[in-house]
Amino acid sequence: MFMPAFGRETRVNLLIGIGHFFSHFYLLCLPLMFLSWQGAFGVSFAELGLAITLMSGATGLLQTPVGFLVDRYGARPFLVGGTLVMTLSMAAMSFATAYWQILALALLSGIGNSVIHPADYSILAGSIHRANMGRAFALHTFNGNVGSVCAPPVTAALILLLGWRHTLLVYGLVGVPLVLTILWQSAILREQARDVEVKRRPALSGGAFLLTRPMLLFFGFFLLSAMATSGLQAWLITVLHEVRGMDLKTASTALTAYMAGATSGILVGGWVADRSQRLLAFAVSATIAASAMILLVGTVTMSQVAAIAVLFVGGVLVGASRTPRDLMVKDASPPGQIGKVFGFVSAGLPLGNALTPVPFGFLIDMGRPDLVLVLVATILLASLLFIGSARASARHDAVPVAAE
């Protein structure tokens with residue numbers, strides 16, 4: 001294996017980022033398998049959806065317990081083991097002879113995937129200089145988003161070329177060199193700091209700390225942010241078609257513009273986070289502006305080109321708010337507890353993703369698609385109540401003391 005002579009931090013970002021890319025890619029490639037699986041195993045659409053539920057559910061539920069293990073025993077063994085389980089489970093699906101085997105392997109892949117957030121953030125916190133942390137966090141999120149974007153078209157093309165079994169086999173085997181490279185380069189993956197530089201009042205650890213006011217508020221902010229964005233992504237095409245009269249191709253272009261803006265905005269947020277100490281002010285301003293853009297599209301008559309442009313800008317603003325959010329969570333985490341903190345608060349993302357698509361669909365069924373984007377903007381604004389209170393509470397609870 002060959003690794004270019006990049007700097008240590010660049011190599012850390014590459015290793016962590018590629019793993020995060022695959023974790024998102026694997027989840028989003030499964031829906032492209034549904035029609036093939038239906039023909040191969042004769043299952044219903046509800047049974048097909050169960051594969052996604054098991055994979056994403058295992059990831060969301062196990063992130064926090066894995067975070068405890070990462071903080072106690074170190075991130076590297078869990079990153080290697082989890083990535084290996086995740087990739088080999090995908091490869092093993094190619095040999096499935098019954099659908100229950102697909103479900104069992106989807107669950108196993110989700111278990112492996114659950115290590116990614118707690119282990120990645122723990123390693124980034126210990127491996128990256130504070131002056132570059134914003135860009136490192138942004139690249140981590142950016143790589144995951146790119147994995148989500150790439151999965152559908154790449155998978156569709158490979159299924160047509162190779163069939164679903166060989167596609168899954170290729171996906172799984174591609175992850176093996178990543179695991180070997182992580183092992184080879186493991187010396188550069190430093191652990192989070194464990195020396196006590198900040199004490200909390202009162203001193204708490206483990207599960208008790210996760211139930212403090214700042215952590216619950218951060219969880220609420222992640223939850224509401226995911227509720228808003230998942231509702232928009234699930235129903236934007238339908239809303240624009242029903243309310244604005246766009247044809248499906250133009251409405252799909254509008255959703256693509258929003259997603260492209262959100263992905264590129266992540267890098268903007270990382271750049272700003274490394275150059276500003278006012279993370280809360282930036283996150284609040286970006287979220288308010290994004291809400292205004294979404295509300296404009298939902299309530300003001302404009303041309304189709306203008307609507308697409310406004311949605312792109314709104315996406316940039318939503319993406320830009322993510323890295324400051326993550327850095328605020330890191331700054332509020334006691335030394336040695338970053339794994340469990342990120343495992344806990346980021347569990348709000350899959351939960352939020354699951355909450356809004358059905359209620360928003362009910363609104364559309366009731367003949368009120370015009371309210372969907374209004375509610376998205378309202379939920380985004382409501383999330384600011386959580387992040388502002390979380391930041392204030394975290395600062396109040398932190399009492400600097402001399403390093404031991």
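At what angle do helix α3 (residues 45–73) and helix α15 (residues 338–345) pack, and how far apart are their axes?

## Basis of the description

This is a predicted model, in which local features need pLDDT of at least 70 and side-chain atom pairs count only at pLDDT 80 or more, whereas totals for chains, interfaces and linings use all residues. Residues are numbered from 1 along each chain as its sequence is written, and side-chain values use heavy atoms, with hydrogens and water left out.

## Helix α3 against helix α15

The axes of α3 and α15 are 7 Å apart and the helices pack at an angle of about 170 degrees, where axes are lines fitted to C-alpha atoms, for helices over the stretch in contact, and angles run from 0 to 180 degrees between N-to-C directions. The two helices are therefore roughly antiparallel to each other (angles over 145 degrees count as roughly antiparallel, under 35 as roughly parallel, 65 to 115 as roughly perpendicular and the rest as oblique). Helices themselves are DSSP runs of H or I with at least four residues, numbered from the N terminus.

On the α3 side, Gln 63, Thr 64, Gly 67, Phe 68, Val 70 and Asp 71 meet Ile 338, Gly 339, Lys 340, Gly 343 and Phe 344 of α15, contact meaning heavy atoms within 4.5 Å. These residues divide into four nonpolar, five polar and two charged (Ala, Val, Leu, Ile, Met, Phe, Trp, Tyr, Cys and Pro count as nonpolar, Asp, Glu, Lys and Arg as charged, and the others, Gly among them, as polar). The charged end of Lys 340 sits over the ring of Phe 68, 5.1 Å from its centre, a description that requires NZ of Lys or CZ of Arg within 6 Å of the ring centre and within 35 degrees of the ring normal. Elsewhere, the charged end of Arg 325 sits over the ring of Phe 222, 4.2 Å from its centre.

The contact includes Val 12, Ile 16 and His 20 of α1 and Ile 116, Asp 120 and Leu 124 of α6, and by class it has five nonpolar, six polar and three charged residues.

The structure holds 14 aromatic pairs, counted where ring centres of Phe, Tyr and Trp (its six-membered ring) lie within 6.5 Å, with planes under 30 degrees apart taken as stacked, over 60 as edge-to-face and the rest as tilted. Phe 21 and Phe 25 form a stacked pair, 5.6 Å centre to centre with 25 degrees between the planes; being four residues apart in helix α1 (residues 8–29), they are separated by about one helical turn. Phe 21 is partly exposed at 21% relative accessible area, whereas Phe 25 is buried at 5% (buried means under 20%, exposed over 50% and partly exposed in between, with a 1.4 Å probe and protein chains only). Ring pairs link Phe 21, Phe 22, Phe 25, Tyr 26 and Tyr 171 into a cluster.

Gly 112 lies in helix α5 (residues 99–113) and is buried, with a relative accessible area of 2%. Leaving aside neighbours within four places in sequence, Gly 112 is in contact with Gly 82, Val 85 and Met 86; Met 86 is 26 residues away in sequence, yet 4.6 Å away in space, C-alpha to C-alpha.

Ser 291, in helix α12 (residues 279–299), is buried at 3% relative accessible area. Not counting residues up to four places away in sequence, Ser 291 touches Ala 377, Leu 380 and Leu 381.
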